[in-house]
Amino acid sequence: MKLDESKILYDRSREVFPGGVNSPVRAFGSVGGTPVFVKRASGSHIYDEDGNEYIDYVDSWGPCILGHGCEPVIRAVQEACADGLSFGAPTRKELTLGEMIKACLPSMEMMRMVSSGTEAVMSAIRAARGYTGRNKIIKFKGCYHGHSDGLLVKAGSGALTGSAPDSAGVPRSYTKHTLLADYNSRESVTRLFGQHPGKIAAVVVEPVAANMGLVPPQPGFLEFLREITTRNGAVLIFDEVITGFRMGLGGAQGYYHVTPDLTTLGKIVGGGMPMGVYGGRREIMEAVSPLGKVYQAGTLSGNPIATAAGIATLKILMDGPELYEELNAKADRLTAALAAALPKAQVNRAGSLFSVFFTEQPVTDYESALTSDTGLYGRYFHYLLENGIYTAPSQFEILFLSAAHTEEDMEKTCRVIEAAAREVK
Ligand SMILES: *Cc1c(COP(=O)(O)O)cnc(C)c1O
């Protein structure tokens with residue numbers, strides 16, 4: 001496979017951007033080789049600067065659930081552009097999108113729009129602290145909630161494979177209120193509540209952990225978090241930046257029937273444009289300015305182009321919820337192929353989300369995820385790439401399916417997975 005153009009662009013980019021990229025995992029650091037420079041994408045396929053074509057399972061890390069260049073979404077964006085790119089004033093579009101979100105996720109009684117998932121989670125935690133008057137939060141090892149200071153502790157994905165697990169430049173004093181629990185471990189959460197009575201403002205969790213590879217919640221785990229937070233007067237925050245509109249219209253909270261106090265959204269909700277949302281119980285959201293004393297603002301928040309893309313995307317999902325059945329059927333197909341081809345590996349799955357871990361140990365948390373053979377993953381990744389399958393350049397990311405993946409894509413992907421299992425040692 002020729003990557004000459006990508007190599008030239010990568011060399012130039014390294015002079016301009018740290019590591020040649022604008023988000024670390026894109027640099028192929030943990031798998032080696034030259035990052036593929038994407039020129040364009042259409043449906044389920046991406047095309048690089050050298051003219052190579054790939055079936056895309058990165059999906060911009062989740063937003064493009066309808067596939068790339070989905071016609072009604074592109075048209076909505078083009079129409080919105082003609083009316084101006086940003087006003088810094090309230091719009092009908094924001095309201096439309098907010099009401100659509102509320103219809104899908106009734107727990108989000110009141111919400112605020114922001115411009116990224118990072119901002120959504122950071123702001124939700126501030127609201128929880130302001131509302132409870134408490135400082136401490138519990139997060140889980142291996143869960144990623146964006147790159148805000150207080151949350152960069154054992155944060156999974158990019159931070160997991162980088163040289164330093166936790167970030168330099170974050171003063172200890174900024175993370176001293178962040179308490180760490182083990183995903184799927186009730187004891188670890190119970191212990192922290194016991195050690196810090198009346199001090200814990202919130203528990204923040206990915207209801208399906210998808211940033212250390214895919215780690216589903218064990219039966220009863222989310223119900224347990226609901227119960228212990230309620231009992232202790234703490235706010236339960238579901239970070240649904242990946243699972244929102246991915247596990248179904250009702251997100252992971254609808255899928256598992258557990259209702260959080262606050263929810264954060266990103267990725268799909270912006271339909272491929274920069275957008276995040278946080279919201280939940282009215283009482284808590286009324287603590288946010290200008291109603292309450294928790295300050296939070298944004299020049300481009302509720303941006304009309306991003307809201308147009310979000311509205312068009314959610315409309316298609318709400319009008320055709322059978323799309324989720326189709327995604328599940330595609331996931332059935334690929335996870336079966338993976339399990340058959342790689343009998344010693346672990347194939348984890350929740351809804352249509354899945355990933356493969358190169359370890360013989362069941363993966364239920366951060367420690368077990370770390371037993372994976374990342375070198376083997378790197379060789380497997382490159383075999384797939386050279387055979388036209390673009391997956392995440394890290395063991396600790398998941399695969400994303402879209403409505404645009406075709407029968408032909410599935411067949412080819414299964415064939416390449418089988419060949420990879422034979423060839424890659
Ligand atoms: C991607 C992600 C974020 C951060 O969103 P950005 O838009 O990249 O800032 C937060 N939480 C989860 C669960 C994510 O997957």
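This is a predicted model: local features need pLDDT of at least 70, side-chain atom pairs count only at pLDDT 80 or more; totals for chains, interfaces and linings use all residues.
Where does Ser-60 sit? You'll find Ser-60 in the loop that runs between strand 3 (53–56) and helix 2 (71–82). Have a look at its backbone too: phi of Ser-60 is near 55 degrees, which is a positive value in a residue other than glycine.

Now hop along to Lys-267. Here phi is near 50 degrees, again a positive value in a residue other than glycine. Lys-267 belongs to the loop between strand 9 (262–265) and strand 10 (276–280). Is Lys-267 buried or partly exposed? With a relative accessible area of 26%, Lys-267 is partly exposed, since buried would need a value under 20%.

Which residues does Lys-267 touch, if we leave out those up to four places away in sequence? They are Trp-61, Gly-62, Pro-63, Val-241, Ile-242, Gly-272 and Met-275. There is also a note from a record: an unreviewed UniProt entry lists Lys-267 under "modified residue: N6-(pyridoxal phosphate)lysine". Such annotations may be inferred rather than shown by experiment.

Next, a peptide bond to find on your screens. Ser-289 and Pro-290 are joined by a cis peptide bond, with omega at about 10 degrees. Pro-290 is in the loop between helix 10 (282–285) and helix 11 (304–319).

Let's move to Thr-178, which is part of strand 6 (residues 178–181). Thr-178 has a relative accessible area of 9%, so we call this residue buried. How far apart in space are Thr-178 and Ile-138? From C-alpha to C-alpha the distance is 6.0 Å, although 40 residues separate Thr-178 and Ile-138 in sequence. Leaving aside residues up to four places away in sequence, Thr-178 touches Ile-137, Lys-139, Gly-150 and Val-153.

Asn-135 is placed in the loop between helix 4 (117–132) and strand 5 (136–140). Its relative accessibility is 45%, so Asn-135 counts as partly exposed. Asn-135 does have contacts, though: not counting residues up to four places away in sequence, Asn-135 touches Arg-129, His-177, Lys-199 and Ala-201.

Okay, let's zoom out to the whole chain. How many helices and strands does the chain have? The secondary structure comes to 15 helices and 13 strands. Along its principal axes, the C-alpha trace spans about 55 × 55 × 45 Å. Why do we say the chain agrees with a compact globule? A compact globule of 425 residues would have a radius of gyration near 22 Å, and the chain has 21 Å, so the two agree.

Of the 425 residues in the chain, 57% are buried. Contacts tell us about the fold as well: among those with a separation of 6 or more, 72% come from residues 24 or more positions apart. Thr-178 and Ile-138, for instance, are 40 residues apart in sequence.

Last, the surface and the charges. The chain exposes about 17,900 Å², and carbon and sulfur atoms supply 52% of that area. The chain has 41 positive and 46 negative charges, and the mean positions of these two groups are 7 Å apart. Thanks, everyone!

Technical notes. Residues are numbered from 1 along each chain as its sequence is written. Side-chain values use heavy atoms; hydrogens and water are left out. Helices (H or I, at least four residues) and strands (E, at least two) are DSSP runs, numbered from the N terminus. The radius of gyration is taken over C-alpha atoms; the globule rule is 2.2 Å times the number of residues to the power 0.38. Buried means under 20% relative accessible area, exposed over 50%, partly exposed in between (1.4 Å probe, protein chains only). Contact means heavy atoms within 4.5 Å. Accessible areas come from the Shrake-Rupley method with a 1.4 Å probe; for residues, only the protein chains shown count as cover. Lys and Arg count as positive and Asp and Glu as negative; His and the chain ends are not counted. The place of a charge is taken as NZ of Lys, CZ of Arg, CG of Asp or CD of Glu.
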